[in-house]
Amino acid sequence: MPHSTNKELILGIMVGTTGISLLLLWYHKVRKSRTTLNLPNFLSLGNKFDSVTFQDEMCNGQGTAAIFQGRQLQILEKLNELLTNMEELKEEIRVLKETIPKLEEYIQGELGGRITVHKISPQHRARKRRLATVQSSGTSNSSEEAESEGGYITANTDTEEQSFPVPKAFNTHIEELNLDVLLQKADNLRMNECSKMESFELLCDHKEKFRDEIEFIWRLVRAYGDMYELSTNAQEKKHYANIGKTLGERAITTAPTNGHCHLWYAVLCGYVSEFEGLQNKINYGHRFKEHLDKAIQFLPEEPFLYYLKGRYCYTVSKLSWIEKKMAATLFGKIPSSTVEEALQNFLKVEELHPGFSKSNYLFLAKCYIDLEQTDDAMKFCNLAVLLPCVTKEDKDAQKEVKKISTSLKR
């Protein structure tokens, strides 16, 4: 008998004996607690054993040793079969591990060396402007973006390890505009929701020329915020938010007394926080409030700032205990605000710009509901319905206003 066969037989006998001992020990343990357990049925190993029962073994005293010997051989055969199957399974897993990388290469070859990782959003497919022939990343001197293969640009910021590819926003022919004309044109385009992307592209076309002009920089930060709002893909949103925040940091460093720089940096911090965990959300919330207050200091007549501060106050008033404790751990004090403080900011918006937005009316209604002043809440719901739906935020606010109105009428 070969040496390997001896080893397998000895191993099989040891495993078989150990298995029988464990089964008998388990049987005695269970029998004490559950006397209804049917041991012969439990020990059945298949159709081969159906013809041999414990009752038959007990009745035939002379053949007991032979029967048990036969049963042990059957158990050994089953264990050997199990070990063989396990070895075959291990071999199949090994082959699969080696095959998968080759399969990927094969698919890549079948597709002509191109594998589409992400589909471009509908906004980019619908662009009216032609994409330019991309320049080499080695000749680009933009610190915010680096060129990638296939006519895309990718973010190159400290805040994003893997940037999201977006189409290059440069035209083959760029109209020469002076700074004042460019900024006026970008502002006018942005007034129409459908033209915000065009405004963004216009600014991108001129960013190499005016990259050091602060009035240009904060508008570009704002444009990245607009692209965040227009995008429907989460990775695109994160891409625009991160680049915009990085530009915003440069803006507030370059012009610390410019209210618009603080305003749009605060907004982009809010957008970035949407992709962070609780600790970073609180950190960005702290930055948001800090720069919002600075913006109000420099732009005291800007209604949008009071709307944002009202939103902040309302959110903080709804924070849970654990969120407040986390904030206290990070910054040494618990952020505090009240519904009344939020209400005063929303009313300030209405004072500076009556009918500012559906969302402002919505939050006025929410504040009055929390203060149990239902008549005032219903009043602002009715005012909100009268305003047209222009932006996505307007449409979302309209749905919520209708729900609140329905509940107030009951």
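**View 1. The whole protein and its accessible surface.** Accessible areas come from the Shrake-Rupley method with a 1.4 Å probe, and on this basis the surface of the protein, shown here as a predicted model, comes to about 25400 Å², of which 55% belongs to carbon and sulfur atoms. The secondary structure consists of 18 helices and 3 strands, and of the 410 residues in the protein, 37% are buried. Among contacts between residues at least 6 apart in sequence, 61% join residues at least 24 apart.

**View 2. The packing of helices α7 and α9.** Two packed helices are described by the angle between their axes and the distance between the axes. Helix α7, which covers residues 196–205, packs against helix α9, which covers residues 214–230, at an angle of about 140° and with the axes 9 Å apart. Because angles over 145 degrees would count as roughly antiparallel, this value makes α7 oblique to α9. The crossing of the two helices, α7 and α9, is left-handed.

**View 3. The residues between α7 and α9.** On the side of α7, the contact is made by K196, M197, F200, L203 and C204, while α9 contributes F216, R219, L220, A223, Y224, D226, M227 and L230. The residues of this contact divide into 10 nonpolar and 3 charged, with no polar ones.

**View 4. The loop residue E372.** Most residues other than glycine have a negative phi. E372, although not a glycine, has a positive phi of about 60°. This residue, E372, lies in the loop between α16 (358–370) and α17 (374–386), and E372 is exposed, with a relative accessible area of 69%.

Methods: Residues numbered from 1 in each chain as written. Predicted model: local features only at pLDDT ≥ 70, side-chain atom pairs only at ≥ 80, totals over all residues. Heavy atoms only, no water. Axes fitted to C-alpha atoms, helices over the stretch in contact; angles between N-to-C directions. Helix = DSSP H or I, 4+ residues; strand = E, 2+ residues; numbered from the N terminus. Parallel < 35°, antiparallel > 145°, perpendicular 65-115°, else oblique. Left-handed = near helix turned anticlockwise from the far one by under 90°. Contact = heavy atoms within 4.5 Å. Nonpolar A, V, L, I, M, F, W, Y, C, P; charged D, E, K, R; others polar. Buried < 20%, exposed > 50% of the residue type's maximum accessible area, 1.4 Å probe, protein only.
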